[in-house]
Amino acid sequence: MVKSLVLAEKPSVAREIARVLGCRTVNRNYIEGDRYVVTWALGHLIELKMPEDYDSRFKTWRMEDLPIIPKKMEIKPIKQTSGQFHAIRQLAMRKDLNDLVIATDAGREGELVARWIIEKINWRKPVKRLWISSQTDRAITEGFKNLKPASDYDKLYRSAVCRSEADWLVGLNVSRALTTKFNDSLSAGRVQTPALSMILDRERTINAFRPEPYWTVQAQAGEYTAVWQRGNQTRVFNQKDAETILQKLRKRNAVVQKVEINRKSERQPLPYDLTELQRDANRRLGFSAKKTLNVLQNLYEQYKIVTYPRTDSRYLTQDIAATMPERLKAISSVYGEETRQILHRKKGEALAKFVYNDSKVGDHHALIPTEQPVFINDLSTDERNLYDMVITRFLALFYPEYQYENRRAILDTAGETLIIRETVELDPGFRQVAQRETSHGSQPHTSLVKGQILPVSKVEISQKMTEPPAYFSEADLLTQMEKYGLGTPATRADIIEKLIQSESIKRNAGGRLSTTSKGKQLIDLVNPELKSPELTSKWEQELENIAKGAGNPARFMQNIRLQTQQLVSEVKDSEQAYKIQNLTATKCPECGSLMKESRDRDGGRVLVCINRSCGFRKRKDPKISNHRCPHCHKKMELHRGKAGVYFQCRNCGIVEKAVKAEKKADKRETRHLLNEINKNTEDFGNSLADALQAALRENHPK
């Protein structure tokens, strides 16, 4: 019987697809059924060849070899995951496999993952594409009933190849040139460098700022608080002037000159895309962009309760409208009161009809819940908080607009103007469920009328200082990156993390970002075009045009090659000075070169030899483990002594021998185990012990 080879991106997704397709025979590298053989990548299995793969002399970094621009860019299996690649290649040789289904993430990078694997295994049979926006059983089943020809996504693939090759040519060559020229690990690229430049520009604005004192005048007019205003100004930049105004207003009467009442409404917010969610999660939960993506990916892959996370759209397609009742029922166990009202009224129709706009949906629609039932107790605190943000934004679509009144009264007092402002809430609308929206309405006072006289009973002046803009938060940086098209929703978090790991920027108290000495110097070393967000925005637009069939991939890459030559030439000719950051007086025990202090991934300090051909490094701080002190509950240091590995608490001094702990089943695993035991009659051919053993094997593989 002929079968289809299904290629997923991750093992976890492959297992779910295999289960839905009825594949039960589990092998090390694939899962097989009567009609399908499901295998997986491990993220990327294939990458662009490195310079030394073209010529061994490129192993040594020399300025005279740059720029390295291969005539034809070639690909190779990634060494660390080559075992899985070879397993897929062996599968591809089977005679009973008739076609291949690409089931990687439905996006530019997912397309690249699959197409490069297909190219390297030399697959010549038909290829189809599974394109779904959620990982529910229903979505997978429907997706396999409506597979698309892979050729429909050829343009998306070409765009992905151009993006990858452009990043290789520019990033690798400029980074090698800078590192070789200035003898420090310096990384530059078409996305990370403009992002770094924007952070530095904000810092320079802050540093150049000179605060000035100013004064405001406030008065109590009857039962109202009024603010002094002259023209459009509410600030006075001279203290004597402020005191003069104060004296004029004291113990006078204010006459109402004009009353304005404007009734306004605020429409429901659109659902989240990834970048908007990352911004809000950073502001409200303090999540980094990377953490938001990781938590969201878990809600999508493991729990299947949200749709595709890496979306850049905040709209929905028309066909989603019919699925709303099921999505509302799925979340009703957690949001019962809200969903009961919605389902009772017009059977769950969204009041915000503007959310349905096919023309504004690209590869994926906005983030919304799936039809999968929610077991809220399975979620961690972080998962629950982020999920709640997605759902409350979704629920807002089913509530009316927020209605309020802006009231403004203009008063005259001894020739000076006082303004009374208040906002009165008329209908809370969607704000009663949208967590981020709190009511700003006040209880209305007695209505004012023209000519009414109010006694001025209290007048105060307050001195303040003008303030500079704040350092960028991740939310601010994401906003700027989105504005200029720097990266994609899927890559922006990694760009920020890469800048931190390369020690070009650092996170400060409160999560604010600032540049390091290394980052400041790096910006001064690179070509102005490379640090310009406008240039990268132009590149992203060209890549988007290629994906839509309106761009020319060959012309784009020709321009990239010319630009690479120019950028490297400028580094070679540079006469700028550079000082290595965190250079110490410690000498390398291997080669005698000086060592610099750096940070490891776990935050600990390490000493690294500045001689790249040596590469010696040693820890300066003990490694911090995830093991908690039984007394103060802080993370303990990991040490290695004569008796073996042990934990030590720096705070309490407590020492514990490291013992490998057995994995404990969590609530989700327990329920999965019960489901295996309580399978329907058709699957109950085995004994209870057999079902238990099968479930345990799946949850605790050797």
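Which helix holds aspartate 573? Aspartate 573 is found in helix H18, which covers residues 553-573. The structure is a predicted model.

**Aromatic pairs**
- The whole structure contains 7 aromatic pairs.
- One of them joins tyrosine 214 and phenylalanine 237, whose ring centres are 6.0 Å apart; because the planes meet at 45 degrees, the pair is tilted.
- Tyrosine 214 belongs to strand S10, while phenylalanine 237 sits in the loop between S11 and helix H8 (239-249), so this pair ties together parts that are 23 residues apart in sequence.
- Tyrosine 214 is buried at 9% relative accessibility, whereas phenylalanine 237 is partly exposed at 45%.
- Phenylalanine 394 and phenylalanine 398 make an edge-to-face pair, with 5.2 Å from centre to centre and 70 degrees between the planes.
- Phenylalanine 394 has a relative accessibility of 0% and counts as buried; phenylalanine 398 is buried as well, with a relative accessible area of 0%.

**Backbone geometry**
- Most peptide bonds are trans, and most residues other than glycine have a negative phi.
- The peptide bond from leucine 66 to proline 67 is cis, and its omega is near 0 degrees.
- Proline 67 is placed in the loop between helix H2 (51-54) and strand S6 (75-77).
- Asparagine 122 is not a glycine, yet its phi is positive, at about 60 degrees.
- The loop that holds asparagine 122 runs between helix H4 (108-120) and strand S8 (127-129), and the residue is partly exposed at 47% relative accessibility.
- Asparagine 582 also has a positive phi, near 60 degrees, and is a residue other than glycine.
- Asparagine 582 lies in the loop between H18 and strand S18 (583-587), where its relative accessible area of 42% makes it partly exposed.

- Glutamate 223 is located in the loop between strand S10 (213-221) and strand S11 (224-229).
- With a relative accessible area of 44%, glutamate 223 is partly exposed.
- The C-alpha atoms of glutamate 223 and proline 149 are separated by 71 Å, and the two residues are 74 residues apart along the chain.

Definitions and conventions. Residues numbered from 1 in each chain as written. Predicted model: local features only at pLDDT ≥ 70, side-chain atom pairs only at ≥ 80, totals over all residues. Heavy atoms only, no water. Helix = DSSP H or I, 4+ residues; strand = E, 2+ residues; numbered from the N terminus. Buried < 20%, exposed > 50% of the residue type's maximum accessible area, 1.4 Å probe, protein only. Phe/Tyr/Trp six-rings, centres within 6.5 Å; stacked < 30°, edge-to-face > 60°.
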